[in-house]
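Please consult the sequence and the structure shown here alongside the text.

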Amino acid sequence: MAETSITLGGVALVGCGSATPAQRISNDQLGQRVDTNDSWIRSRTGISARHVIGPDETLTGLSHQAAANALRMAGWESESIDLILLATSTPDDLFGSAPQLQAILGAQKAVAFDLTAACSGFLFALVTAAQFLRTGAMRRALVIGADQLSRWVDWDDRRSCVLFGDGAGAVALEATSPDQNGLLGFQLKSDGSRGDCLNLPQVQNYLSLVAGNSHQQGGFKPIQMNGQEVYKFAVREVPTILQSLLKATNTKPESLDWLLLHQANQRILDAVADRFAIPQAKVLSNLAEYGNTSAATIPLMLDEAVQDERIKPGQLIASSGFGAGLSWGAALIRWQGPA
Ligand code: ACO
C-alpha cells in the first residue's frame, strides 16, 4: 500500500477588530434594579460596567463591525475570504447568523456557519478554522466571537445579572508556510457530565397537537448558574490545561509575553496568573468595562491590546477559554499582525 502523509502548513493572525454596544450600564445603575452595589460587584468580580445591546442593535450588526475592522487591519477584500466562522451561543437566528454576516460583508465566496461552545467558542472556532487552512483546503478565514447574553439573563437575579455584557471580536486568519505558523499548539476539552452548573435550558412548554399527542414548543429559560461550582471548575481546569499546553510546546511561563484568558472574573485571572508566577503587568484584563461577554471576550481583549500597541508583532500569547458545556481549551499564539 502506498504511504500517504499530509504536510501541514501554518496559520497567521494578521488582523483583528471588535465592536461593543453603545449602551453602558454601571454597577450603580444596576443597583437601582436589584439588591446589589458597586463595592460588592467590584470586590467579587472586578467588573464596574457592562455594555448591553439596544433595540436598534443586533448580534449580526456587532459581528459585522468587528469583522469589517479585522478585514481593514488585514488589508483584505471581502471577496477573498474562504471561511466565516461565527462562535456564538446567542445568534439572532437559531438556524445561524453567520450566513447573514457573509451577505452583509459581501463575502460571496465564503462558506459561513455558526459554532456553539459558549465562552470557549472563540478558541474552539480559531482552532477549527486553522484546520481548514493548515491542510491547504482554504486560505483565508474570519473567526468571530460574539454574544448577546443580555437577552438571556434574568435581570432580577443579582447572582448572575451583574456578570454579563454583550460584544463582538474578530480575527483574520491566513494560511502561511509552516515556519510562519502563529498557532503553536492547542488543547480542547469538554465534560458534559458537569454541564448542569451553567445552562441556558429549554422551557417545558407542552402543547397538545392532536388528541393523544403532545409536543414541546421551543423557548428558553434565562441563564442558570451555580457560581461557586463554575468558579471552582475554572481555577482547577484552566491552570491544568495551560500547564499541559506549555509542556507539550516546550514553553516556559517566563517566555510568555501575555496571558489572554476568557474574561469571566478578575479573581479567576489572578488565580491563574499566580499559579504560573506571571506578573500582573502581563495579564490582559478589560472586564472592568465589559464584564463577561462570553465568546467575545478573547478577541475583544486582543483587539484592544493590539490597538493600543501593548501586543506587538511576534509576541507570544497563552490564551484559555472556559465556560458552559462544560468546555475549556487553551492555545499558544504568536501574534503576527498585518504584512
Ligand atoms: N450583590 C450583592 N450580594 C450578592 C450578589 C450581588 N450581585 N450576588 C450574590 N450575593 C450574595 C449572596 O446572596 C450571598 O449572600 P448570603 O451569604 O446572605 O446568602 C453572598 O453574596 C455570597 O454569595 P456567593 O454566591 O457565595 O458569592 P461568591 O463569593 O461565590 O461570588 C460569583 C459569586 C461572583 C458569581 C462567583 O461565584 C463567581 O465569579 N463564579 C464564577 C461565575 C462565572 O464566572 N460564570 C461565568 C463563567 S462561564 C461563562 O463565561 C459563561
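The radius of gyration is taken over C-alpha atoms, and the rule for a globule is 2.2 Å times the number of residues to the power 0.38. For the 339 residues of this protein, a compact globule would have a radius of gyration near 20 Å, and the protein has 20 Å, which agrees. The model is predicted.

**Overall form**

- The protein contains 10 helices and 15 strands.
- Taken along the principal axes, the box filled by the C-alpha atoms is roughly 60 × 55 × 45 Å.
- Of the contacts with a separation of 6 or more, 75% join residues 24 or more positions apart.

**Surface, burial and charge**

- Buried residues make up 54% of the 339 residues.
- The accessible surface amounts to about 15,200 Å², and carbon and sulfur atoms contribute 50% of that area.
- There are 26 positive and 32 negative side chains, and the centres of these two sets lie 7 Å apart.

**Helix α5**

- Helix α5 spans residues 121–134, and its 14 residues reach 20 Å from the first C-alpha to the last, close to the 20 Å expected at 1.5 Å a residue.
- Because 11 of its 14 residues are buried, α5 is largely enclosed by the rest of the structure.
- The buried residues of α5 include Phe122, Leu123, Phe124, Leu126, Val127 and Leu133, as well as the charged residue Arg134.

**Helix α7**

- Helix α7 covers residues 227–248, a run of 22 residues that extends 31 Å from its first C-alpha to its last, close to the 32 Å expected at 1.5 Å a residue.
- Among the buried residues of α7 are Val230, Phe233, Ala234, Glu237, Val238, Ile241, Leu242, Leu245 and Leu246.
- An α-helix has 3.6 residues a turn, so residues three or four places apart point the same way.
- Just after α7, Asn250 has a positive phi of about 55°.

- Ala288 belongs to helix α9, which comprises residues 287–290.
- Is Ala288 buried, partly exposed or exposed? Its relative accessible area is 36%, and the partly exposed class lies between the buried limit of under 20% and the exposed limit of over 50%, so Ala288 is partly exposed.
- Not counting residues up to four places away in sequence, Ala288 touches Gly46, Ile47, Ser48 and Ala49.
- Ala288 and Ser48 are 240 residues apart along the chain, yet 4.8 Å separates their C-alpha atoms.

Conventions:
Residues numbered from 1 in each chain as written. Predicted model: local features only at pLDDT ≥ 70, side-chain atom pairs only at ≥ 80, totals over all residues. Heavy atoms only, no water. Helix = DSSP H or I, 4+ residues; strand = E, 2+ residues; numbered from the N terminus. Buried < 20%, exposed > 50% of the residue type's maximum accessible area, 1.4 Å probe, protein only. Contact = heavy atoms within 4.5 Å. Areas by Shrake-Rupley, 256 points an atom, 1.4 Å probe, with all protein chains shown as cover. Charge placed at Lys NZ, Arg CZ, Asp CG, Glu CD. Expected span 1.5 Å × (residues − 1).
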